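Hi,

Here is the structure I promised to pass on. Have it open while you read, and my notes on what turned up follow below.

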Amino acid sequence: MHTIKRTHTPKDHLINDIVDLEWWMFDRVNNIGGRAGCQNDSRTFYIMRYSQFFAWPVDALESYKQDLLDAQAEGRNLLTEKYAYMMAYTDPRTYEATIRGRIPEVSVEKAQLVDAIAALLTADEQAFAAQYPRLHHRGRPVEGAEAGNVSMNVYALGELKTYSEQTLRLYAAHLLDLKKSGGENISVTIHRAMVSFYGYASLEAAEAGQG
């Protein structure tokens, strides 16, 4: 993973700390069907996670890093919890029978923040999909809850539930600020960062398949 790490700015160093903490947890996720192949692919993990966090403001990054450190100190694995929360949508019967009581309960306030943020992210992803259909087709569907093809919306709902309320509030404020100021669609920011790892100069070049 270290060969592709970006270290150009202080924000990069903060993102790298977060991705290192997440990878430590991801490597220790115990899947029902055994270890997943993606748990042996640190390069792709770094690209996906760096690209997501590149679109975050520093205050939200600092808050989430603390969430990870707090969870680690408590012996909790936020990546395990993320996939557990996702099962409420992909396999609700198993979730209710064996999982729900083993992960933190989501408060009403937190659930409202999660739903609001997920709605904003989903709208941005839908706009991205309309603008860059070929690129979008290579990733997750925007919505849906099929266990074998988890949508961006379900993935976001599961992940957001692992964040602290402080992190959620900071992230929500950033997304709302982008909307009010006419800032760039966050999905565009994320995907631009992502395709740069694969040698593309722009999203348009990646959409056209031109290196």
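Which residues in α1 meet which residues in α4? From α1 they are Glu22, Met25 and Phe26, and on the α4 side they are Leu78, Leu79 and Tyr83. Before I go further, keep in mind that this is a predicted model.

**Helix α4 and its two partners**

Let me stay with that first pair for a moment. Helix α1 covers residues 10-26, and its axis sits 7 Å from that of α4, with a packing angle of about 65°. That makes α1 roughly perpendicular to α4, since the class runs from 65 to 115 degrees. Sorted by class, the contact of α1 with α4 has 5 nonpolar residues, 1 charged one and no polar ones.

The other partner of α4 to look at is α8. Here α4 is residues 78-90 and α8 is residues 152-160; their axes come within 7 Å and cross at roughly 135°. That makes α4 oblique to α8. The crossing is a right-handed one. On the α4 side you'll find Lys82, Tyr83, Tyr85, Met86, Tyr89 and Thr90, and they meet Val154, Tyr155, Leu157, Gly158 and Glu159 of α8. The residues of this contact divide into 7 nonpolar, 2 polar and 2 charged. Note that Tyr83 turns up in the contact with α1 and also in the contact with α8.

**Helix α8 against α6**

Helix α8 also packs on α6, which is residues 108-131; the two axes come within 9 Å and cross at roughly 150°. This crossing, too, is right-handed. The α6 residues involved are Lys110, Val114, Asp115, Ile117, Ala118, Leu121, Thr122 and Glu125, and those from α8 are Met152, Asn153, Ala156, Leu157 and Leu160. By class, the contact of α6 with α8 comes to 8 nonpolar, 2 polar and 3 charged residues. If you click on Leu157, you'll see that it belongs to this contact and to the one with α4.

**Aromatic rings**

How many aromatic pairs does a search of the whole structure find? The count is 16. One of them is Phe53 with Trp56: the ring centres are 5.0 Å apart and the planes are at 80°, so the pair is edge-to-face. Both Phe53 and Trp56 are buried. There is also an aromatic cluster made up of Trp23, Phe26, Phe45, Tyr83 and Tyr155. You have met some of these already: Phe26 and Tyr83 are in the contact of α1 with α4, and Tyr155 is in the contact of α4 with α8.

With a relative accessibility of 0%, Phe53 counts as buried. Beyond its neighbours within four places in sequence, Phe53 is in contact with Lys11, Ile15, Ile18, Val19, Glu22, Leu61, Tyr64 and Tyr163. Phe53 and Asn16 are 37 residues apart in sequence, yet their C-alpha atoms are 9.5 Å apart in space.

*Ile15.* Is Ile15 buried or exposed? At 0% relative accessibility, Ile15 counts as buried. Ile15 lies in α1, and its contacts, leaving aside neighbours within four places in sequence, are Tyr50, Phe53, Phe54 and Leu61. For a sense of scale, Ile15 and Ser164 are 149 residues apart in sequence and 17 Å apart in space, C-alpha to C-alpha.

*Tyr171.* Look for this one in helix α9. Tyr171 counts as buried because its relative accessibility is 3%. Not counting residues up to four places away in sequence, Tyr171 touches Trp56, Ala60, Ile117, Leu121, Leu160, Tyr163 and Ile186. Between Tyr171 and Ser63 there are 9.7 Å from C-alpha to C-alpha, although they are 108 residues apart along the chain.

*His174.* This residue is also found in α9, which is residues 165-181. Its relative accessibility is 19%, and since buried means under 20%, His174 counts as buried. With residues up to four places away in sequence left out, His174 touches Ala55, Pro57 and Ile186.

Cheers

Terms used. Residues numbered from 1 in each chain as written. Predicted model: local features only at pLDDT ≥ 70, side-chain atom pairs only at ≥ 80, totals over all residues. Heavy atoms only, no water. Axes fitted to C-alpha atoms, helices over the stretch in contact; angles between N-to-C directions. Helix = DSSP H or I, 4+ residues; strand = E, 2+ residues; numbered from the N terminus. Parallel < 35°, antiparallel > 145°, perpendicular 65-115°, else oblique. Left-handed = near helix turned anticlockwise from the far one by under 90°. Contact = heavy atoms within 4.5 Å. Nonpolar A, V, L, I, M, F, W, Y, C, P; charged D, E, K, R; others polar. Phe/Tyr/Trp six-rings, centres within 6.5 Å; stacked < 30°, edge-to-face > 60°. Buried < 20%, exposed > 50% of the residue type's maximum accessible area, 1.4 Å probe, protein only.
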